[in-house]
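Below are some notes on the charged side chains of this model and on one backbone angle. Please read them with the structure open beside you.

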Amino acid sequence: MSGSVRPLAVVPARVYMDGSLSYAALGVYAVLTACPSGVSDVEILAGRGLGLDEVRGAVRELVDRGLVERRIA
């Protein structure tokens, strides 16, 4: 992961209480909140039961909802 990782990351209650948000997206969101500089490649997020296609889908879900934005370096 690029940059530093926060020792404590907070997921807003409105995000984790949103029943329409998938668990995959919630998990990816939680990891991303710990990475203030973002991640250089979504492949880094694969694992812990999520394959690359699932991670891509979760990121797409987060982007579509406006919870994260995709940046191209």
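1. Arg 56 is partly exposed, its relative accessible area being 36%; here buried means under 20% relative accessible area, exposed over 50%, and partly exposed in between, with a 1.4 Å probe and protein chains only. The model is a predicted one, in which local features need pLDDT of at least 70 and side-chain atom pairs count only at pLDDT 80 or more, while totals for chains, interfaces and linings use all residues. Residues are numbered from 1 along each chain as its sequence is written, and side-chain values use heavy atoms, with hydrogens and water left out.

2. The side chain of Arg 56 forms a salt bridge with that of Asp 53, at 3.9 Å from N to O, where a salt bridge is a side-chain nitrogen of Lys or Arg within 4 Å of a carboxyl oxygen of Asp or Glu. Both residues belong to helix α3 and stand three residues apart, about one turn of the helix; helices (H or I, at least four residues) and strands (E, at least two) are DSSP runs, numbered from the N terminus. Asp 53 is exposed, at 62% relative accessible area.

3. How many salt bridges does this rule give? The count comes to three, and Asp 18, Glu 61 and Arg 65 are linked in a network of them.

4. Glu 61 lies in helix α3, which spans residues 52-64, and is buried, with a relative accessible area of 19%. Leaving aside neighbours within four places in sequence, Glu 61 is in contact (heavy atoms within 4.5 Å) with Ser 20, Leu 21, Ser 22 and Ala 25.

5. A separate point concerns the backbone at Arg 48, which has a positive phi of about 50 degrees although it is not a glycine. Most residues other than glycine have a negative phi. Arg 48 is placed in the loop between α2 (23-33) and α3, and is exposed, with a relative accessible area of 89%.
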